[in-house]
Amino acid sequence: MILIADSGSTKTEWCLADQGGPVRTVVTAGTNPYFQTREEIAGEIREALLPALKGERVDAIYFYGAGCAFPEKNRIVEEAIAPYISVPIEVYSDLMAAARALCGNRPGIACILGTGSNSCLYDGTEITEHISPLGFILGDEGSGAVLGKLLVGDCLKRQLPEPLVRKFMDQYELTPALLLERVYKQPFPNRFLATLSRFLLENITEQPIYNLVYTSFRSFFLRNVALYPGADTYPIHFVGSIAYYYQEVLKAAALSLGLKVGTVVQAPMDGLIRYHFTNEAKTKESWHFKR
(Lines give C-alpha, C1' and ligand atoms only; values in the text may rest on other atoms or scores of the structure.)
Protein backbone atom coordinates (compact mmCIF):
# COMPACT_ATOMS: atom_id res chain seq x y z
CA MET A 1 0.00 0.00 0.00
CA ILE A 2 1.65 3.24 -1.12
CA LEU A 3 0.68 6.87 -0.56
CA ILE A 4 1.34 9.24 -3.46
CA ALA A 5 1.08 13.01 -3.06
CA ASP A 6 0.69 15.50 -5.91
CA SER A 7 1.20 18.88 -4.28
CA GLY A 8 0.92 22.43 -5.53
CA SER A 9 0.87 25.73 -3.73
CA THR A 10 -2.93 25.69 -3.39
CA LYS A 11 -3.80 22.03 -2.75
CA THR A 12 -2.28 18.58 -2.23
CA GLU A 13 -3.95 15.44 -3.55
CA TRP A 14 -2.99 12.31 -1.59
CA CYS A 15 -3.86 8.96 -3.14
CA LEU A 16 -3.56 5.72 -1.21
CA ALA A 17 -3.04 3.01 -3.81
CA ASP A 18 -2.80 -0.78 -3.80
CA GLN A 19 -2.58 -3.36 -6.57
CA GLY A 20 -2.20 -0.62 -9.16
CA GLY A 21 -5.40 1.24 -8.29
CA PRO A 22 -6.60 3.98 -5.94
CA VAL A 23 -8.03 3.01 -2.54
CA ARG A 24 -8.66 6.42 -1.02
CA THR A 25 -8.08 10.04 -2.09
CA VAL A 26 -7.57 12.90 0.37
CA VAL A 27 -7.21 16.58 -0.47
CA THR A 28 -5.37 18.90 1.92
CA ALA A 29 -3.96 22.41 1.69
CA GLY A 30 -1.06 23.08 -0.65
CA THR A 31 2.51 22.45 0.44
CA ASN A 32 5.58 24.35 -0.71
CA PRO A 33 8.80 24.17 1.35
CA TYR A 34 9.98 27.44 -0.19
CA PHE A 35 7.20 29.31 1.57
CA GLN A 36 6.31 27.06 4.52
CA THR A 37 8.22 25.87 7.56
CA ARG A 38 8.51 22.25 8.64
CA GLU A 39 6.11 22.99 11.51
CA GLU A 40 3.47 24.44 9.18
CA ILE A 41 3.62 21.41 6.88
CA ALA A 42 3.58 19.04 9.87
CA GLY A 43 0.45 20.74 11.18
CA GLU A 44 -1.40 20.01 7.94
CA ILE A 45 -0.26 16.37 8.03
CA ARG A 46 -1.39 15.96 11.64
CA GLU A 47 -4.70 17.80 11.41
CA ALA A 48 -5.91 17.09 7.86
CA LEU A 49 -4.18 14.02 6.41
CA LEU A 50 -3.99 11.59 9.34
CA PRO A 51 -7.69 11.73 10.32
CA ALA A 52 -8.70 11.18 6.68
CA LEU A 53 -6.48 8.10 6.32
CA LYS A 54 -8.43 6.46 9.16
CA GLY A 55 -5.59 4.19 10.23
CA GLU A 56 -5.03 2.60 6.80
CA ARG A 57 -1.69 0.81 6.42
CA VAL A 58 0.97 2.74 4.48
CA ASP A 59 4.20 1.04 3.33
CA ALA A 60 5.87 3.99 1.58
CA ILE A 61 5.22 7.60 0.60
CA TYR A 62 6.09 9.25 -2.70
CA PHE A 63 5.68 13.01 -2.44
CA TYR A 64 5.80 15.14 -5.60
CA GLY A 65 5.54 18.86 -5.11
CA ALA A 66 6.16 22.45 -6.12
CA GLY A 67 9.33 23.76 -4.51
CA CYS A 68 10.79 20.25 -4.10
CA ALA A 69 13.71 20.53 -6.49
CA PHE A 70 16.58 20.73 -3.97
CA PRO A 71 17.67 18.30 -1.22
CA GLU A 72 17.47 20.87 1.58
CA LYS A 73 13.87 21.71 0.67
CA ASN A 74 12.95 18.05 0.26
CA ARG A 75 14.22 17.34 3.78
CA ILE A 76 11.73 19.87 5.16
CA VAL A 77 8.88 17.80 3.69
CA GLU A 78 10.39 14.49 4.83
CA GLU A 79 10.92 15.76 8.39
CA ALA A 80 7.37 17.11 8.52
CA ILE A 81 5.82 13.76 7.58
CA ALA A 82 8.14 11.28 9.32
CA PRO A 83 6.95 11.79 12.94
CA TYR A 84 3.38 10.88 11.92
CA ILE A 85 3.90 8.18 9.25
CA SER A 86 7.12 6.28 9.94
CA VAL A 87 7.76 4.66 6.55
CA PRO A 88 10.24 5.25 3.70
CA ILE A 89 9.57 8.71 2.22
CA GLU A 90 10.81 9.90 -1.16
CA VAL A 91 10.33 13.52 -2.24
CA TYR A 92 10.52 14.71 -5.85
CA SER A 93 9.68 17.82 -7.85
CA ASP A 94 6.36 18.36 -9.62
CA LEU A 95 8.36 18.22 -12.86
CA MET A 96 9.49 14.67 -12.03
CA ALA A 97 5.82 13.85 -11.38
CA ALA A 98 5.00 15.07 -14.88
CA ALA A 99 7.89 13.11 -16.43
CA ARG A 100 7.03 9.83 -14.69
CA ALA A 101 3.29 10.18 -15.19
CA LEU A 102 3.55 11.10 -18.86
CA CYS A 103 6.59 9.16 -20.07
CA GLY A 104 6.81 6.23 -17.65
CA ASN A 105 10.09 4.47 -18.49
CA ARG A 106 10.40 5.91 -21.99
CA PRO A 107 12.32 9.01 -23.07
CA GLY A 108 10.35 12.10 -24.01
CA ILE A 109 9.65 15.73 -23.27
CA ALA A 110 7.34 16.37 -20.32
CA CYS A 111 5.66 19.73 -19.81
CA ILE A 112 3.44 21.40 -17.23
CA LEU A 113 0.89 24.00 -18.31
CA GLY A 114 -1.23 25.11 -15.39
CA THR A 115 -1.05 28.25 -13.28
CA GLY A 116 2.66 28.19 -14.17
CA SER A 117 4.58 26.37 -16.90
CA ASN A 118 7.62 24.10 -16.94
CA SER A 119 9.32 21.53 -19.13
CA CYS A 120 12.11 18.98 -19.23
CA LEU A 121 13.83 16.36 -21.34
CA TYR A 122 13.53 12.94 -19.70
CA ASP A 123 15.56 9.85 -20.60
CA GLY A 124 13.15 7.32 -19.10
CA THR A 125 14.80 7.46 -15.69
CA GLU A 126 16.10 10.96 -14.99
CA ILE A 127 15.54 14.54 -16.08
CA THR A 128 18.55 15.28 -18.29
CA GLU A 129 17.75 18.80 -19.54
CA HIS A 130 15.72 21.57 -17.96
CA ILE A 131 15.14 25.17 -18.97
CA SER A 132 14.11 27.33 -16.04
CA PRO A 133 10.53 28.61 -16.37
CA LEU A 134 11.51 31.86 -14.51
CA GLY A 135 8.03 32.58 -13.16
CA PHE A 136 5.21 34.62 -14.65
CA ILE A 137 7.14 37.91 -14.69
CA LEU A 138 10.16 36.70 -16.68
CA GLY A 139 8.82 33.52 -18.26
CA ASP A 140 6.08 30.92 -17.69
CA GLU A 141 5.03 31.28 -21.31
CA GLY A 142 1.68 29.64 -22.08
CA SER A 143 0.69 29.35 -18.41
CA GLY A 144 -2.63 30.42 -16.93
CA ALA A 145 -0.92 33.31 -15.14
CA VAL A 146 0.71 34.59 -18.33
CA LEU A 147 -2.46 34.15 -20.38
CA GLY A 148 -4.29 36.18 -17.73
CA LYS A 149 -1.53 38.79 -17.74
CA LEU A 150 -1.70 39.13 -21.52
CA LEU A 151 -5.50 39.43 -21.39
CA VAL A 152 -5.36 42.20 -18.79
CA GLY A 153 -2.64 44.04 -20.70
CA ASP A 154 -4.56 43.86 -23.97
CA CYS A 155 -7.73 45.07 -22.27
CA LEU A 156 -6.10 48.04 -20.59
CA LYS A 157 -4.04 49.00 -23.65
CA ARG A 158 -7.07 48.86 -25.98
CA GLN A 159 -5.74 45.95 -28.03
CA LEU A 160 -9.05 44.08 -27.91
CA PRO A 161 -12.39 45.17 -29.40
CA GLU A 162 -14.39 47.34 -26.99
CA PRO A 163 -17.30 44.87 -26.70
CA LEU A 164 -14.89 42.14 -25.56
CA VAL A 165 -13.23 44.44 -23.03
CA ARG A 166 -16.60 45.47 -21.63
CA LYS A 167 -17.75 41.85 -21.45
CA PHE A 168 -14.60 40.89 -19.55
CA MET A 169 -14.80 43.77 -17.07
CA ASP A 170 -18.51 43.19 -16.42
CA GLN A 171 -18.21 39.41 -16.04
CA TYR A 172 -15.47 39.67 -13.37
CA GLU A 173 -16.79 42.92 -11.86
CA LEU A 174 -13.49 44.66 -12.47
CA THR A 175 -12.26 48.17 -13.20
CA PRO A 176 -8.77 49.26 -14.33
CA ALA A 177 -8.05 50.44 -10.78
CA LEU A 178 -9.15 47.11 -9.26
CA LEU A 179 -7.04 45.17 -11.73
CA LEU A 180 -3.91 47.16 -10.88
CA GLU A 181 -4.63 46.75 -7.17
CA ARG A 182 -4.95 42.95 -7.49
CA VAL A 183 -1.81 42.60 -9.61
CA TYR A 184 0.57 45.01 -7.87
CA LYS A 185 -0.57 45.24 -4.26
CA GLN A 186 -2.26 42.01 -3.23
CA PRO A 187 -0.60 38.62 -2.63
CA PHE A 188 -0.40 35.83 -5.22
CA PRO A 189 -1.07 37.86 -8.38
CA ASN A 190 -0.18 34.79 -10.45
CA ARG A 191 -3.13 32.89 -9.01
CA PHE A 192 -5.46 35.83 -9.62
CA LEU A 193 -4.30 36.22 -13.22
CA ALA A 194 -4.70 32.48 -13.84
CA THR A 195 -8.36 32.63 -12.79
CA LEU A 196 -8.96 35.26 -15.48
CA SER A 197 -7.68 32.92 -18.19
CA ARG A 198 -11.05 31.14 -18.13
CA PHE A 199 -12.44 34.11 -20.06
CA LEU A 200 -10.10 33.23 -22.93
CA LEU A 201 -11.43 29.67 -23.11
CA GLU A 202 -15.04 30.88 -23.04
CA ASN A 203 -14.33 33.25 -25.94
CA ILE A 204 -11.72 31.27 -27.89
CA THR A 205 -13.73 31.56 -31.12
CA GLU A 206 -13.09 35.33 -31.12
CA GLN A 207 -10.09 35.83 -33.41
CA PRO A 208 -8.16 38.27 -31.16
CA ILE A 209 -8.57 35.87 -28.22
CA TYR A 210 -7.48 32.85 -30.26
CA ASN A 211 -4.44 34.78 -31.51
CA LEU A 212 -3.42 35.71 -27.95
CA VAL A 213 -3.53 32.08 -26.77
CA TYR A 214 -1.93 30.68 -29.93
CA THR A 215 0.95 33.19 -29.80
CA SER A 216 1.61 32.43 -26.12
CA PHE A 217 1.74 28.69 -26.80
CA ARG A 218 4.14 29.24 -29.72
CA SER A 219 6.30 31.28 -27.36
CA PHE A 220 6.29 28.40 -24.86
CA PHE A 221 7.50 25.98 -27.54
CA LEU A 222 10.10 28.36 -28.96
CA ARG A 223 11.59 29.55 -25.66
CA ASN A 224 11.50 26.19 -23.88
CA VAL A 225 10.79 22.98 -25.78
CA ALA A 226 12.54 23.73 -29.09
CA LEU A 227 15.84 24.19 -27.27
CA TYR A 228 16.03 20.56 -26.14
CA PRO A 229 18.17 18.23 -28.28
CA GLY A 230 15.90 16.18 -30.55
CA ALA A 231 12.80 18.24 -29.73
CA ASP A 232 11.42 17.58 -33.21
CA THR A 233 11.72 13.81 -32.78
CA TYR A 234 10.46 13.21 -29.22
CA PRO A 235 6.78 13.16 -28.28
CA ILE A 236 5.92 16.27 -26.26
CA HIS A 237 3.57 15.40 -23.41
CA PHE A 238 1.59 17.77 -21.19
CA VAL A 239 -0.06 17.78 -17.79
CA GLY A 240 -2.14 20.64 -16.39
CA SER A 241 -5.49 22.33 -16.76
CA ILE A 242 -4.36 24.86 -19.37
CA ALA A 243 -2.90 22.17 -21.63
CA TYR A 244 -5.98 19.98 -21.14
CA TYR A 245 -8.64 22.57 -21.90
CA TYR A 246 -6.77 24.39 -24.68
CA GLN A 247 -5.26 21.32 -26.30
CA GLU A 248 -6.59 22.01 -29.80
CA VAL A 249 -4.87 25.42 -29.86
CA LEU A 250 -1.78 23.87 -28.25
CA LYS A 251 -1.55 21.22 -30.98
CA ALA A 252 -1.96 23.84 -33.70
CA ALA A 253 0.86 25.95 -32.23
CA ALA A 254 3.14 22.88 -32.03
CA LEU A 255 2.34 21.83 -35.60
CA SER A 256 3.24 25.30 -36.90
CA LEU A 257 6.76 24.71 -35.56
CA GLY A 258 7.14 21.13 -36.78
CA LEU A 259 6.59 19.69 -33.29
CA LYS A 260 4.11 17.03 -32.22
CA VAL A 261 2.05 16.96 -29.03
CA GLY A 262 1.69 13.51 -27.44
CA THR A 263 -0.36 12.72 -24.35
CA VAL A 264 -2.29 15.52 -22.63
CA VAL A 265 -3.79 14.94 -19.17
CA GLN A 266 -5.29 17.26 -16.60
CA ALA A 267 -3.55 15.74 -13.56
CA PRO A 268 -0.63 13.29 -13.08
CA MET A 269 -2.04 10.98 -10.41
CA ASP A 270 -3.24 8.12 -12.65
CA GLY A 271 0.11 8.09 -14.43
CA LEU A 272 2.03 8.12 -11.15
CA ILE A 273 0.07 5.13 -9.84
CA ARG A 274 0.77 3.30 -13.09
CA TYR A 275 4.48 4.21 -12.91
CA HIS A 276 5.00 3.03 -9.34
CA PHE A 277 3.20 -0.27 -9.76
CA THR A 278 4.90 -0.94 -13.11
CA ASN A 279 8.20 -0.51 -11.27
CA GLU A 280 7.04 -2.51 -8.26
CA ALA A 281 10.22 -4.61 -7.92
CA LYS A 282 12.42 -1.51 -7.88
CA THR A 283 10.00 0.13 -5.46
CA LYS A 284 10.19 -2.77 -2.98
CA GLU A 285 13.98 -2.81 -3.23
CA SER A 286 13.93 0.90 -2.34
CA TRP A 287 11.67 0.25 0.67
CA HIS A 288 13.99 -2.50 1.91
CA PHE A 289 17.05 -0.27 1.53
CA LYS A 290 15.45 2.64 3.35
CA ARG A 291 14.21 0.52 6.22
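Mentor: The model is predicted. In it, the side chain of serine 143 reaches the backbone oxygen of threonine 115 at 3.4 Å. A polar atom of that serine 143 side chain also lies 3.1 Å from the backbone nitrogen of valine 146.

Trainee: Where in the chain is serine 143 placed?

Mentor: Serine 143 is in the loop between helix H4 (135-138) and helix H5 (144-156).

Trainee: Is serine 143 buried or exposed?

Mentor: Serine 143 counts as buried because its relative accessibility is 0%. Leaving aside neighbours within four places in sequence, serine 143 is in contact with Leu113, Gly114, Thr115, Gly116, Ser117 and Ile242.

Trainee: Which class does threonine 263 fall into, by its relative accessibility?

Mentor: Threonine 263 has 37% relative accessibility, so it counts as partly exposed. Its place is in strand E10 (residues 261-265). Not counting residues up to four places away in sequence, threonine 263 touches Leu102, Ile236, His237 and Phe238. Take phenylalanine 238: it is 25 residues from threonine 263 in sequence, yet the C-alpha atoms are 6.3 Å apart in space.

Trainee: How do I read aromatic rings?

Mentor: A pair of aromatic rings is described by two things, the distance of the centres and the angle of the planes. Here the count comes to eleven aromatic pairs. In one of them, the rings of tryptophan 14 and phenylalanine 63 have centres 5.7 Å apart and planes at 65 degrees, so the pair is edge-to-face. The pair links distant parts of the chain, with tryptophan 14 in strand E2 (residues 11-18) and phenylalanine 63 in strand E4 (residues 60-65), 49 residues apart. Both tryptophan 14 and phenylalanine 63 are buried.

Trainee: Why is the pair of phenylalanine 220 and phenylalanine 221 edge-to-face?

Mentor: Planes over 60 degrees apart count as edge-to-face. The planes of phenylalanine 220 and phenylalanine 221 are at 70 degrees, with the ring centres 5.8 Å apart, so this pair is edge-to-face. Phenylalanine 220 and phenylalanine 221 are both buried. Elsewhere, Phe168, Tyr172 and Phe199 form one aromatic cluster.

Trainee: What sits over the ring of phenylalanine 188?

Mentor: The charged end of arginine 191 does, 3.8 Å from the ring centre. Lysine 73 lies over the face of tyrosine 34, at 4.8 Å from the ring centre.

Trainee: How many residues does the largest nonpolar core have?

Mentor: The largest nonpolar core has 45 residues. Those with the most contacts inside that core are Leu151, Phe168, Leu196, Phe217, Phe221, Val225 and Phe238. Leaving aside neighbours within four places in sequence, phenylalanine 221 is in contact with residues including Ala226, Ile236, Phe238, Leu250 and Val261. A second, separate core of 24 residues includes Leu95, Ala97, Leu102 and Ile112.

Trainee: How do I read the sides of a helix?

Mentor: An α-helix has 3.6 residues a turn, so residues three or four places apart point the same way. For helix H2 (residues 71-81), the buried residues are Lys73, Asn74, Val77, Ala80 and Ile81. Seen down the axis of H2, these buried residues fall within an arc of 125 degrees, so they line one face of the helix.

Trainee: What covers the buried residues of H2?

Mentor: The cover includes E2, helix H1 (38-53), E4 and strand E5 (89-93). Tryptophan 14 is in E2 and phenylalanine 63 is in E4.

How values were computed: Residues numbered from 1 in each chain as written. Predicted model: local features only at pLDDT ≥ 70, side-chain atom pairs only at ≥ 80, totals over all residues. Heavy atoms only, no water. Helix = DSSP H or I, 4+ residues; strand = E, 2+ residues; numbered from the N terminus. Buried < 20%, exposed > 50% of the residue type's maximum accessible area, 1.4 Å probe, protein only. Contact = heavy atoms within 4.5 Å. Polar contact = N/O pair within 3.5 Å; in protein donor to acceptor, adjacent residues only side chain to side chain. Phe/Tyr/Trp six-rings, centres within 6.5 Å; stacked < 30°, edge-to-face > 60°. Lys NZ or Arg CZ within 6 Å of the ring centre and 35° of its normal. Core = buried A, V, L, I, M, F, W, Y, C linked by side-chain atoms within 4.5 Å. Arc of directions from axis to C-beta.
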